[in-house]
Amino acid sequence: MKKNFRVAAVQMVSGTDPQQNLQRAAELVAEAAQQGAELIVLPEYFCLMGRQDGDKVAIREAFGDGPLQQGLADMAREHGVWLVGGTVPLASPQPGKVLNTLLLFAPDGSVAGRYDKIHLFGFTGQGERYCESDSIVAGSEPLKISTPLADIAFGICYDLRFPELFRQMAPFDLLVLPAAFTATTGEAHWEVLLRARAIENQCYVLASAQGGTHENGRKTHGQSIVIDPWGRIVAQLDKGEGVVLADIDQDLIHSVRDRLPALAHRVFS
């Protein structure tokens, strides 16, 4: 594991044109890489915030094939970085539905990990309705990967509300979470949930968000953020597109766990 390394959360306000979103993602990844980031995370739905659920089904790709996956692989290879490609809609066994999939690309452009979102968001209220299960098939397997940088656990957006998902993967150095939290739920719960996950798992949290008013009228919370193992906010971006940068310090992780060995004190697992 690397003692210190720089990470970046890319915040976007994605629109309805996948190619334009892919190009904008490439620009922001380049900006992060130029500032020394070795691990870069794009937000959930970076490639498309469609006008209707069927829009993501229309651009679904088979795993390992398609312009979105190729574009992400090219970004990782060009800049020599670990790249978390937000989420990409992949073909599922059910007609008319996709898997909402996080792909981790290694610096050589190969896929080092895949995670299909397990918890599917549903919300009704204040004039809003979201039901991801209408167009998405849930995954079933958690993902934790040992990389040369760190041991990394992954989640996507709504997974944040289910601490048992991450507890079963502990310990890990870094929790990576691309998201597209709504403005309503994000204002109420985003920061407090992220800080709780950092504190209880004594790890860094790197969360990349959609942040603004989208072409389809949807409003997302933003606040892409890096949180340290003591629950302190290291860096964040409120709204709009941009890059959030921070350095991961393995010594701080060890210091927190040595002084307060809560992970070792767990009774239930």
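Here's a quick briefing on the main pocket, the nonpolar cores and a handful of residues worth a look. Keep in mind that this is a predicted model. The largest pocket holds about 420 Å³ of space, and the largest nonpolar core takes in 53 residues. Beyond those, there's a cis peptide bond between Ala 170 and Pro 171, plus positive phi values at Cys 157 and Gln 202.

**The largest pocket**

- Rolling a probe the size of a water molecule over the atoms shows where empty space is left.
- The largest pocket comes out at about 420 Å³, and 20 residues line it.
- Closest to the centre of that pocket are Gly 50, Asp 53, Lys 56, Tyr 130 and Arg 218.
- Two elements, helix H2 (54–58) and strand S8 (128–131), each put at least two residues into the lining.
- S8 is the top contributor to the lining, with three residues.
- Sorted by class, the lining has eight charged, eight nonpolar and four polar residues.

**Nonpolar cores**

- In soluble globular proteins, nonpolar side chains tend to be buried together.
- Take Val 176: setting aside residues up to four places away in sequence, it touches Leu 39, Val 41, Val 84, Ile 152, Ala 153, Phe 154, Gly 155 and Leu 206.
- Another core of 29 residues lies apart from this one, with Ala 32, Ile 40, Leu 72 and Ala 76 among its members.

- Thr 87 sits in the loop between strand S3 (82–84) and strand S4 (88–91).
- Thr 87 and Thr 101 are 14 residues apart along the chain, yet their C-alpha atoms are separated by 4.9 Å.
- Not counting residues up to four places away in sequence, Thr 87 touches Pro 43, Glu 44, Tyr 45, Phe 46, Cys 47, Asn 100, Thr 101, Leu 102 and Ile 156.

- You'll find His 119 in the loop between strand S6 (111–116) and strand S7 (122–125).
- His 119 has 17% relative accessibility, so it counts as buried.
- The side chains of His 119 and Asp 159 are joined by a polar contact of 2.7 Å.
- Beyond its neighbours within four places in sequence, His 119 is in contact with Glu 132, Tyr 158, Asp 159, Phe 162 and Leu 165.

- Most residues other than glycine have a negative phi, and most peptide bonds are trans.
- The peptide bond joining Ala 170 and Pro 171 is cis, with omega about 5 degrees.
- Pro 171 belongs to the loop between helix H4 (163–167) and strand S11 (174–179).
- Cys 157 has a positive phi, near 45 degrees, and lies in the loop between strand S10 (151–154) and H4.
- Cys 157 is buried, at 7% relative accessible area.
- Gln 202 also has a positive phi, near 50 degrees, in the loop between helix H5 (183–201) and strand S12 (204–209).
- Gln 202 is buried too, with a relative accessible area of 2%.

Conventions. Residues numbered from 1 in each chain as written. Predicted model: local features only at pLDDT ≥ 70, side-chain atom pairs only at ≥ 80, totals over all residues. Heavy atoms only, no water. 1 Å grid on protein atoms, 1.4 Å probe; cavity = no way out; pocket = protein on both sides within 12 Å on 5 of 7 lines; lining within 4 Å. Points joined across faces, edges and corners; volume = space filled by probe spheres on them. Helix = DSSP H or I, 4+ residues; strand = E, 2+ residues; numbered from the N terminus. Nonpolar A, V, L, I, M, F, W, Y, C, P; charged D, E, K, R; others polar. Core = buried A, V, L, I, M, F, W, Y, C linked by side-chain atoms within 4.5 Å. Buried < 20%, exposed > 50% of the residue type's maximum accessible area, 1.4 Å probe, protein only. Contact = heavy atoms within 4.5 Å. Polar contact = N/O pair within 3.5 Å; in protein donor to acceptor, adjacent residues only side chain to side chain.
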